[in-house]
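I opened this notebook to record what I looked up in the structure, entry by entry.

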Amino acid sequence: MAITKTICFANNKGGSGKSTTCANVGYALSTLGKKVLLIDGDMQMNLTLSFFDDERSLEFAKSDLNLYRGITEQKDLSDFIQHTDYKGLDLIPSSTLMSSIEFDLFTKWQREFILKKGLERIKATGKYDYILIDAPPTLGCWVMNIMCASDHLVIPVEASPWGLFGIANMFEFYEQIRQVAPTLNLLGIAVTKASERKNYFKQTIDTLSSLENVRLFSSIIRVDSMVEWSQDVSKPVMAYKKSSRAAQEYMELAKEIETYVNR
Ligand SMILES: Nc1ncnc2c1ncn2[C@@H]1O[C@H](COP(=O)(O)OP(=O)(O)OP(=O)(O)O)[C@@H](O)[C@H]1O
Ligand SMILES: [Mg+2]
């Protein structure tokens with residue numbers, strides 16, 4: 001029986017690589033023999049689409065088998081788990097209905113802990129080594145739920161001129177969450193979509209390295225068109241092209257995350 005570790009991928013900056021990192025780190029951990037449950041917490045359904053084609057994903061969105069139903073009806077989320085095509089890798093799909101989640105949470109008692117409660121049974125079974133949660137690019141009560149349900153937070157940051165804009169808000173939000181979830185640990189920052197030829201790559205690394213008490217993962221994810229090709233066919237990049245640079249970089253990042261989580 002495993003002690004399940006829950007890791008969320010969050011950053012209020014859109015397009016910073018949260019969903020891609022969550023999907024590929026999750027897949028990499030499963031190939032290392034770990035049992036992984038992915039949770040798609042975003043109305044855009046990008047994590048769901050990383051493993052299921054458009055048709056299947058829309059079926060989930062329209063059915064009762066998605067996270068939105070589970071959360072709004074405050075259910076045990078065990079019943080919402082779907083198997084992916086890959087061994088040891090399961091997923092709770094999202095729905096476009098998640099767009100109204102802030103409104104739905106508003107009237108609920110202890111509204112920041114609904115996801116945590118929904119995961120209690122799953123964690124108690126010890127079936128999974130890791131639960132990885134993909135957050136939307138917002139900082140509200142729903143992302144609070146995601147962070148309160150997590151042991152660790154990974155912040156993917158895009159190495160771009162705007163990638164760092166707003167990160168102070170993210171840190172401030174994290175500090176606020178720690179008042180209600182004091183055990184939440186900021187595991188580190190993962191630099192994504194990096195292009196070493198561009199000036200701002202160095203600038204991003206320098207700025208992030210200078211932050212006190214924040215770990216910068218040494219595995220950096222560079223821009224690789226294989227990522228988009230793999231997403232086009234709803235596969236993790238390692239399953240699409242194992243020899244690609246992104247596949248190797250995501251494996252390195254997964255190993256690094258594993259090391260720090262179990263330290
Ligand atoms: N290493 C990479 N190389 C090339 N493209 C990438 C890479 N990582 C992510 N992308 C692309 O960048 C875009 C944003 O990535 P992703 O969706 O993972 O970010 P996000 O933070 O989840 O976005 P959102 O805030 O909208 O949820 C996507 O189109 C994705 O295909
Ligand atoms: Mg996303």
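Predicted model: local features only at pLDDT ≥ 70, side-chain atom pairs only at ≥ 80, totals over all residues.

The entries below go from the sheet to its strands, then to the core and a helix contact.

Entry 1. I first looked up how the strands are arranged. An open sheet is formed by 7 strands in the order β3-β4-β2-β5-β1-β6-β7, and its pairing is mixed. The edge strands are β3 and β7 (185-192), each of which pairs on one side only. As background, I recorded that strands of a sheet pair through backbone hydrogen bonds, either parallel or antiparallel.

**Entry 2. The strand β1.** I asked how many residues of strand β1 (residues 5-9) are buried. The count is 5 of its 5 residues, and the strand is mostly covered. In a regular strand the side chains alternate between the two faces of the sheet.

I then looked up the partners of β1. With strand β5 (residues 130-134) it runs parallel, joined by 5 bridges. The bridge partner of F9 in β5 is D134. With strand β6 (residues 152-158) β1 also runs parallel, joined by 3 bridges. Here I7 has H152 as its bridge partner in β6, and F9 stands opposite V154 of β6.

**Entry 3. The strand β6.** I asked why β6 may be called largely enclosed by the rest of the structure. The reason is that 7 of the 7 residues of β6 are buried. Both faces are covered: H152, V154, P156 and E158 lie on one side, and L153, I155 and V157 on the other, all of them buried. I also recorded the pairing of β6 with β7, which is parallel and extends over 7 bridges. Within that pair, L153 stands opposite L186 of β7.

**Entry 4. The strand β4 and its neighbours.** I next looked up strand β4 (residues 89-92), which has both faces covered. L89 and L91 are buried on one side, D90 and I92 on the other. Strand β2 (residues 36-40) pairs with β4 in the parallel sense over 4 bridges, and V36 has L89 of β4 as its bridge partner.

In which sense do strand β3 (residues 82-83) and β4 pair, parallel or antiparallel? I found the antiparallel sense, over 2 bridges. Q82 stands opposite L91 of β4, and H83 stands opposite D90. β3 and β4 form a hairpin with 5 residues between them. In its turn I noted G88, which has a positive phi of about 75°.

**Entry 5. L91.** Is L91 buried or exposed? It has 27 other C-beta atoms within 10 Å, and since 20 or more count as buried, L91 is buried. Leaving aside residues up to four places away in sequence, L91 touches L38, D40, T48, F51, Q82 and T84. I also looked up L91 and L37: they are 54 residues apart in sequence, with their C-alpha atoms 5.4 Å apart in space.

**Entry 6. I131.** I turned to I131, which lies in strand β5. I131 counts as buried because it has 25 C-beta neighbours inside 10 Å. Residues up to four places away in sequence again not counted, I131 touches T4, T6, L37, I39 and L119. For S230, 99 residues from I131 along the chain, I recorded a C-alpha separation of 22 Å.

**Entry 7. The nonpolar core.** Which residues have the most contacts inside the largest nonpolar core? They are I146 and Y250, in a core of 73 residues. Helix α12 gives the most to this core, with 7 residues. For I146 I listed the residues it touches, not counting those up to four places away in sequence: C8, A10, G41, L115, I133 and A135.

**Entry 8. The contact of α1 with α12.** Lastly I looked up helix α1 (residues 18-31) and helix α12 (residues 245-261). Their axes come within 9 Å and cross at roughly 75°. The two helices are therefore roughly perpendicular to each other. From α1 the contact draws on N24, V25, A28 and L29, and from α12 on Y250, M251, L253, A254, I257 and E258. By class, I recorded 8 nonpolar, 1 polar and 1 charged residues in this contact.

How values were computed:
Residues numbered from 1 in each chain as written. Chains lettered and ligands numbered in written order. Axes fitted to C-alpha atoms, helices over the stretch in contact; angles between N-to-C directions. Parallel < 35°, antiparallel > 145°, perpendicular 65-115°, else oblique. Contact = placed C-beta atoms within 7 Å. Nonpolar A, V, L, I, M, F, W, Y, C, P; charged D, E, K, R; others polar. Buried ≥ 20, exposed ≤ 12 C-beta atoms within 10 Å, placed from the backbone. Pairing = 2+ DSSP bridges. Core = buried A, V, L, I, M, F, W, Y, C linked by C-beta atoms within 7 Å.
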